[in-house]
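Let's take a friendly walk through this model together, one stop at a time. Have the sequence and the structure open as you read.

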Amino acid sequence: MNAVAAPAGRPLVVALAGNPNAGKTTLFNALTGLRQKVANYPGVTVEKKSGRCHAPGGDVDVIDLPGAYSLVANSPDEAVTAAILTGQRADTPAPDAIVAVVDASNLSRNLFLVSQLIELGRPLVIALTMVDVAARRGQPIDAPALARALGVPVVPVTGHRRHGVDRLLVALHQAVVAPTPVWPLPEALWEEAHELSRSIADLPEPLRVAAARRLLAGESGGDLAAVERQPAVVAALARSRARLHNLGIDAMQADIEARYRWIDGVVGGVRGERPVGRTLSERVDAVLLHPVAGLGVFALIMFALFMTLFAYVGPLVDGIDAIVGWLQAEVGDAMSAGPLRDLVVDGVIAGVGSVIVFVPQIALLYLFLAALEDSGYLARAAFLMDRVLAGVGLHGKSFIPLLSSFACAIPGIMAARTIERARDRLATILVAPFMSCSARLPVYLLVIGAFLAGQSAWIQALAMLGCYVLGILAAVGTALAFKLMGAKRERAQAFVLELPTYKAPQPSLVARQMWTNTAQFLTKAGTTIFCLSVLLWAMAYYPRAPQERVDAAMARAEAEVRASPPADVDAAVERAREHAAGHAQLEHSVAGRIGHAIEPVIAPLGFEWKIGVGLIGAFAAREVFNATLGIIYAVGDPGAGDDDDEIAANEDRLVTALRADRRDDGSPVWTPLVAVSLLAWFVLAMQCISTTAVVRRETGGWTVPLIQLAYMNALAWAVCFAIYQVGSRIWGG
Amino acid sequence: MSHAVQTVIVALIVAGAAALLSWRVFGLFAPRRASGCGSCPAKKD
């Protein structure tokens, strides 16, 4: 039992391993000072992450691994953990020591993984988390006694407060190889393990029996990969299993039972027991996990969240819009007329501005979600959804990927790696983009704000909730269809989800989460949206229309005004000529021609060609739709919104322009029915190139992303067609 | 600033934006080392 030696010339490599939601990432952040995403539910880390920290005994490279209940990998993220711990990953050095992060409030289950880590024969330290929670439950853990029982250092830590972190850093250099306990296995199993060990030649003598026992228990891959492929081992393993089968012994079951008997012995010696009443978590869960009341509370929470977005953040949005408008006016005055000024004012400021005006609402949404997540509520929502998801053929574990998809489908699709069965994973990946991601949010806010502005906040919130519900219904329908199409019926896998303890959201963590997500949104607005705005402006600006065509359009507009002159005829003529010039220019541009080219396809959905240009732009990123409309209405109608009296209170300039826009026959381009159809399009259509690229990566080919692209867009077209055609017959468009 | 100079600057900005976007898009589609594992489909990268 020698303490771990710092290798010459490189830092000590330490891996953090533990059950999901044991607090590994919180500890990782405390050790390294990094800011990896932490959440109060399992399955957040699906890839390994690494960082360096300075310990008293020298630098340490810390690897944060995905949570695992066992080293017998069930899911891809567990396989990552097993591969790294056993030194099977070419891109990651085998760890010099392992820090087992053990949740003291779930000690027995956490020690199961520890029992497997001990067998790896690497120096080990136990970081004991949630000690306070265990004590509150009347089950305090005696850390020194646990250290004596396991034969390795045990350090109680509270990652987010950094309690115990310094002691852990010291302990890293004192990590020792734990003595392997003698598991109380059936005698016949030990005999077979010894028999099988005689066929194993590749391993050193002391490790052969343990390897044989693990093979009998069903372990494979990792450090056993080379051994299990040897023909002699394959044959001997089959013979041993057959003999055990004849004796009525299930080796895997016997192995698990033996470990738990050992664990019971350890836990009995280190855990105190004093009676406590029902905990607060249990009392709250009686309501929040109720099949009916729980779903009701969930719907109410989401509704309240959306209502807040419309009721209280509106003035902030208007304030930002006013700043954008002021900037346009100032820059426009400062620069001399020409294409550069038009690019800056109508392209960059109008384009990027129409996206960033929604930053307050998006930040607030992130704030709420971070608080719900950190409080432990979101894991309860997953539990509630399990029944619903199972009914449509999705695994309960799909909830976390689907929940992540409400922020962005990309991390959601990556989080599907926690799902063991390939078919369940594929179903989740297929339906994840139906969840309303934050990129859709600016579009929803613009369209709902434009057409329900006169309504109360709760109606706007209901419309918003409707968008989210439509996406969920589409996902449920698709999953159901996928389930019904499956030729092979497979037994449903049990969903094991640890419900974290409720806690007051930690303000610093919630604020950091909100800032990280909002900063990502702003970064995207400043890079991708900026570049796309420049290109879309160029497409809406060039080629320039011949002067005679512009003159003819202006003359026609003037004649129409003079045919039925309003009170202030000169101002009306001036306004109509300006509008006609912009319109003629826009129709002559690349964007105008593309819009007209696709109009036959989108007209049955109620969309005019300018909306079509926006839809094409949205394929790069959904929020570009706002930028495109901002640019089109700025280029096509440069005077719109300049007059103060045009801007009603609480109404932004783009909304004013949308409402004023008319088709050639004089009817409004944007009606409430068009707005509903457009919202349905954005809920259902697959428009995000990045998501398609990630689906390709995660499924290893183009088949799934292309089917997904075709299916979602066909569904969106069909639903919008039905909405507009039926709606226009009932309400007349 | 003359109209011609403005047009040249605009052309440069538009070309820059197009180049940056192409780089981002092709960067996204380019094969990259996946962090997959034995059973992870991402390993096919």
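Start with helix α24 of chain A, residues 528–541; helices here are DSSP runs (H or I, at least four residues), strands are E runs of at least two, and both are numbered from the N terminus. At 1.5 Å a residue, its 14 residues should span 20 Å, and the end C-alpha atoms are 20 Å apart, so the two agree. The expected span is 1.5 Å times one less than the number of residues.

This is a predicted model, in which local features need pLDDT of at least 70 and side-chain atom pairs count only at pLDDT 80 or more, while totals for chains, interfaces and linings use all residues. Residues are numbered from 1 along each chain as its sequence is written, and chains are lettered from A and ligands numbered from 1 in the order in which they are written.

How many residues of α24(A) are buried? The count is 11 of 14, so this helix is largely enclosed by the rest of the structure. Buried means 20 or more other C-beta atoms within 10 Å of a residue's own, exposed means 12 or fewer, and partly exposed lies in between, with C-beta atoms placed from the backbone. Among the buried residues are I529(A), L532(A), W537(A) and Y541(A).

Next, look at two helices packed together. Helix α14 (residues 314–334) and helix α15 (residues 339–356) of chain A pack at about 175 degrees, their axes 10 Å apart. Axes are lines fitted to C-alpha atoms over the stretch in contact, and angles run from 0 to 180 degrees between N-to-C directions. Residues including V324(A) and L327(A) of α14(A) meet residues including V345(A) and I349(A) of α15(A); a contact means C-beta atoms, placed from the backbone, within 7 Å.

In the loop between α14 and α15 of chain A sits S336(A). S336(A) counts as exposed because it has 11 C-beta neighbours inside 10 Å. Leaving aside neighbours within four places in sequence, S336(A) contacts R341(A) and M1(B).

That brings us to chain B, which has one helix and zero strands. Of its 45 residues, 20% count as buried. The mean pLDDT (the predictor's confidence in each residue, from 0 to 100) of chain B is 67, and 53% of its residues reach 70 or more. Over residues 31–45 of chain B the pLDDT is below 50. Where pLDDT is low, the predicted coordinates should not be read in detail.

Note on methods. Contact = placed C-beta atoms within 7 Å.
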